[in-house]
Structure formats: C-alpha cells, structure tokens
Amino acid sequence: MIEAFSDPQILTRPLEMRRILPDNSEEAGSGSGLLRDVFSAFYQDFYDSCTLGTTLKVPFIRHDFKADTWKAIGRIFLRGYQDCHYLPIKLAPPLIEEMLFGAVHSHLTEVFLQFTSCQEREVLMQALQDFSSVDPDDLLEVLNNYECRRRVSADTLPAILEEISHKELVQKPNFVIDCWRDITKPQMNLNYEELTKMYADLKPTTKKVSRLLKFQADMTAKQKEVEHHLRRYIRELDEAKLGKFPRFCTGSDLIVSDSIIIEFIVMSDFTRRPIGRTCGMFLELPECYENFPDFRAEFSEILDSNLGDGHCVTQYVALQP
C-alpha cells in the first residue's frame, strides 16, 4: 500500500482496490466496504510496526523509512480522510494538531499519560496527586525511561512532565509531522474544535455501537431474544474488541455510519454464523440461538479471526478520472 501511494498522482485519481486470497483468486467483495476495511487494516499494521505508545501512539523514526515513505503514508492519511471519513484516532492529538495548525492545543500531560504504559501511568498519577506517597525509585525509573535529567520535586514535577510530553509527542516525531504536513494541510480544512469532535465522534463506545443497531419493527419472539443477545454481547466487549464489531459490519473500526441494519435469516445449526455486509452496512443473524453463551462464543470466534487480516493481499489500482 505504501508503494502504491508513493506516486503523488494518486491523490488526483479515484481508487479501485482488489484483494487477492491465498489461492491467488480475487476476493468477491468490492466497493466502499472494502475500501474502509483496507484503511482499517493498514492502520492496524501501522500502529504495530511504526508507532510507540499504548492507548495513544506516535510514529517513531525508522532507519528504513525515508521522507518519501513517510509522505506516502501522509497520502494514505489524506485519502482515508477524504474517501472514508477515516481518521486514525489512536494517533496522539498533539501530533495531528501540530501537523494541521502548527501549534498544540491539547493538554500535553493528559495525552502523555495515555501514551505511557499502565504501570508508568499509575506511578506518575500518584506522584502528581501526592508526591510524598510515591516510591522514589519507581518514579526515578519512569523518568529515566524518558531521559529526564532534572531533579524532581512536588513543585517541579508538573512542569517537567509537560516538557517530557512535548518531547515525546511532538519533538521526536517532528520529521514525520513535517512530511505529513506538506501533504495534508492544504487539503484538510479543519479547525481545532472540528478535529476534537471528530476524535470523539469516531471513537467506538458500547453505547454508540448499540445505538447503531436497527431492527425491524415486527420481530418474532426468537428474533427479540437474539436482539437481546446482541445488545448484551456489545455491552460486554472490551476496548480491543469494540472496534472489531463495527469493522465486521461496516468495514471500519471507527464509527462512520448512522446505522447498522439487522436482518434475520434461517440457518441450520451446522451453517449458523453472523454475516457482515460491509458495503450496505448490514448484519445478518440466524434466529436459532438457544442461549447467550452460544451466541457469544460464535460471534467472538468471528471477531477473533481478525476478519481475514494477514490471510490475503490487497492490490491497489489508481484509475484515471
């Protein structure tokens, strides 16, 4: 995908994407659902191989990624936004703000705490709340991880964390920011309030996902029971799986639609499985679940299969307008 987007002309052409299965046959799926799924799959790989951080992430400088490579990723960023309303919301907001506005508006320390590991976050928050209660060795170890060279006290810690946050979230990825800015800033007319709203609107939550579900008005008793199973299943999803559910139904691991239409179909116990129709944003469900654990087990097996990630190759074709 990076190779395909290395051509600057790709920004002026419509995209057609085809996915090749392991047996070298072409996947039947096509259209907007496939496009959303390809961008979702790309960013999952990008987070794993090109970023640092936990809840929020920043790109790190790789010796094998030169400016042309980062600019190609900037084009992927732009086309995802333009074509699919896709914004990689796991990237730390200060990085995007610096890229688009030339200044950071977010609270750096708050974002940095979402960048750190759970253990580091716990130590830093304890130190901010009650400096005398934190283990000095634990705090020193965390600060050493971020190359802090100043003596820390209760009075100086907030300012030092602000400095570390800016270094990790803005200064270190500055080369990437510069590469992306040349591509994205002229084409993305967003202000800070709009960007913040996009981050909030696109992030999946159990309440948002449940509200997307649209069932027919005249359901049978069995169908109402399956509806109850589905809503309960969504309520129990952790953050890692929560993005997989909308991706299964819409192609995107973000909230990019107003609804997911639920249709019931007749299946035998042997063929029973949920079916996502990503282009139309439909979810087809069998009517024959006897209990919630069966429903949960079968749906989780589908989501845990990573929706085919790693089992096919995507070919990208840029068409002349």
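Student: In which helix is the place of Gln 223?
Tutor: This is a predicted model, in which local features need pLDDT of at least 70, side-chain atom pairs count only at pLDDT 80 or more, and totals for chains, interfaces and linings use all residues. Residues are numbered from 1 along each chain as its sequence is written, and side-chain values use heavy atoms, with hydrogens and water left out. Helices (H or I, at least four residues) and strands (E, at least two) are DSSP runs, numbered from the N terminus. Gln 223 lies within residues 221-236, which form helix α11.

Student: Is Gln 223 buried or exposed?
Tutor: Buried means under 20% relative accessible area, exposed over 50%, and partly exposed in between (1.4 Å probe, protein chains only). The relative accessible area of Gln 223 is 6%, so the residue is buried.

Student: With which side chain does the side chain of Gln 223 make a polar contact?
Tutor: A polar contact is a pair of N or O atoms within 3.5 Å; within protein, one must be able to donate a hydrogen and the other to accept it, and residues adjacent in sequence count only if both atoms are side-chain atoms. Contact as such means heavy atoms within 4.5 Å. Not counting residues up to four places away in sequence, Gln 223 touches Gln 216, Asp 218, Phe 264 and Glu 287. The polar contact, at 2.7 Å, is with the side chain of Glu 287.

Student: What is the order of the strands in the open sheet of four strands?
Tutor: Two strands pair if DSSP finds at least two bridges between them. The edge strands, each pairing on one side only, are β4 (213-214) and β6 (275-277). With mixed pairing, the order is β4-β5-β7-β6.

Student: Which residues form the covered face of β5?
Tutor: In a regular strand the side chains alternate between the two faces of the sheet. The uncovered face of β5 has Ile 261, Glu 263 and Ile 265. The covered face has Ile 260, Ile 262 and Phe 264.

Student: Why is β7 largely enclosed by the rest of the structure?
Tutor: The strand has five residues, and it is largely enclosed because the number of them that are buried is four.

Student: Which residue in the turn between β6 and β7 has a positive phi?
Tutor: The strands β6 and β7 run antiparallel, joined by three bridges, and Gly 276 stands opposite Leu 283. They form a hairpin with four residues between them. The phi in question is about 60° and belongs to Met 281.

Student: What percentage of the 321 residues count as buried?
Tutor: The protein has 14 helices and eight strands. Its C-alpha atoms fill a box of roughly 70 × 55 × 35 Å, taken along the principal axes. The buried share of the residues is 46%.
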